Each structure stands twice: as C-alpha cells, then as structure tokens.
Amino acid sequence: LVPEAEWHSFFGSLLDQCTLDLSCDLYDIAAQEGLSDHLLPLMLKDTWLLRSHEERIAKYGPLLSEDDCRKLCEHVCDKLRNEATQLGRDNYSRIRYTMQQLMQCNEIGARYVHSLIQEFRKLYSNRPAMMQELNGLE
C-alpha cells in the first residue's frame with residue numbers, strides 16, 4: 001500500500017506512465033480521492049475523449065477548478081474546430097454531442113459552446129446539416 005502522505009504524488013506518477021486509452025477507473029480514483037488537480041491532465045491526455053468518451057467531460061468537468069475548466073474548454077473547442085473541417089452529418093452529430101457534454105460541464109463550458117456555435121454559424125453557413133445540428137443546441 002502507498003502511504004497516505006505519498007498518495008498524491010504516487011497517483012501523479014502513475015498517470016505519467018499511462019498511455020493510449022485511459023481507463024475510466026483513473027478518472028473515478030482521481031474524483032473519489034479528491035485529486036481533482038489530476039483530472040485536467042487526464043482529460044488532455046485522453047486520446048479518446050472526443051471520440052467515445054465525451055461523457056467524461058460532463059461527468060468530471062464540474063470537478064475542475066475554473067482555470068482548469070477554461071483550459072479544458074479551450075482544448076475541446078480547438079479539437080472541435082478541427083473536426084468541423086470534416087464533412088458529413090455523422091461528424092456534425094458527434095460535434096453537437098461533444099458540445100452538449102461541454103455545456104453540461106458548467107457555465108464556463110456553456111459560454112465556450114455558445115461562442116463556438118456563433119463561430120461555426122459564420123464559417124459554415126453553407127452546410128445545412130451542420131446548421132441543423134447546431135439548431136438543436138440553442
């Protein structure tokens with residue numbers, strides 16, 4: 001067993017060694033142990049966060065500090081901007097779902113999403129399928 005005084009640094013070093021698909025167990029451990037300062041690095045490192053683990057944004061995002069939440073929002077919005085360059089309703093639907101998760105995170109996430117929606121409306125007004133997906137968010 002890891003002594004209580006060393007647990008925080010041990011958990012951090014454990015996360016540093018993790019690669020690829022991060023287990024939900026690591027998120028749960030960080031949340032249950034009050035190690036919320038480890039959640040942002042986990043989320044930024046999670047290569048599947050925007051592919052199949054979007055719900056983690058809404059579940060663990062509220063545990064982040066305001067500063068970490070802003071960093072997560074910036075990270076997610078940058079990824080969504082990249083995703084938006086790809087055509088296809090399935091892609092637009094995934095973008096909408098991720099935006100919904102970010103909006104559920106907290107008020108900071110909702111503000112980022114509303115700003116991103118306005119940006120996408122200007123950039124992609126010629127994509128009816130994307131506009132339909134965005135309409136579902138307002």
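Biologist: Leaving aside its neighbours within four places in sequence, which residues is Y92 in contact with?
Modeller: Y92 is in contact with Q86, L87, R127, A129, M130 and E133, leaving aside neighbours within four places in sequence. Contact means heavy atoms within 4.5 Å. This is a predicted model: local features need pLDDT of at least 70, side-chain atom pairs count only at pLDDT 80 or more, and totals for chains, interfaces and linings use all residues. Residues are numbered from 1 along each chain as its sequence is written, and side-chain values use heavy atoms, with hydrogens and water left out.

Biologist: Why is Y92 called buried?
Modeller: Its relative accessible area is 5%. Buried means under 20%, exposed over 50%, and partly exposed in between, with a 1.4 Å probe and protein chains only. So Y92 counts as buried. Y92 sits in helix α6, residues 89-105.

Biologist: What makes the pair Y92 and R127 a polar contact?
Modeller: Their side chains meet at 3.5 Å. The term takes a pair of N or O atoms within 3.5 Å; within protein, one must be able to donate a hydrogen and the other to accept it, and residues adjacent in sequence count only if both atoms are side-chain atoms.

Biologist: How many helices and strands are in the chain, and how do you know?
Modeller: There are 8 helices and 0 strands. Both are DSSP runs numbered from the N terminus: helices are H or I with at least four residues, strands are E with at least two.

Biologist: What makes α5 roughly parallel to α7?
Modeller: They pack at about 25 degrees, with axes 10 Å apart. Axes are lines fitted to C-alpha atoms, for helices over the stretch in contact, and angles run from 0 to 180 degrees between N-to-C directions. Under 35 degrees is roughly parallel, over 145 roughly antiparallel, 65 to 115 roughly perpendicular, and the rest oblique. So α5 is roughly parallel to α7. Among the residues that meet here are C73 and C77 of α5 and Y112 and L116 of α7.

Biologist: Why is α7 called roughly antiparallel to α8?
Modeller: Their axes come within 10 Å and cross at roughly 160 degrees. That is over 145, so α7 is roughly antiparallel to α8. I117, F120 and R121 of α7 make the contact with M130, M131, L134 and N135 of α8.

Biologist: Which residues of α8 are buried, and what covers them?
Modeller: A129, M130, M131, E133 and L134 are buried. Their cover includes α5, α6 and α7.

Biologist: Which residues touch the most other members of the largest nonpolar core?
Modeller: Of its 37 residues, L72, M99, F120, M130 and L134 do. Helix α5 gives the most to this core, with 7 residues. A nonpolar core is a set of buried Ala, Val, Leu, Ile, Met, Phe, Trp, Tyr and Cys residues joined through side-chain atoms within 4.5 Å. Leaving aside neighbours within four places in sequence, L134 is in contact with M99, I117, F120 and R121.
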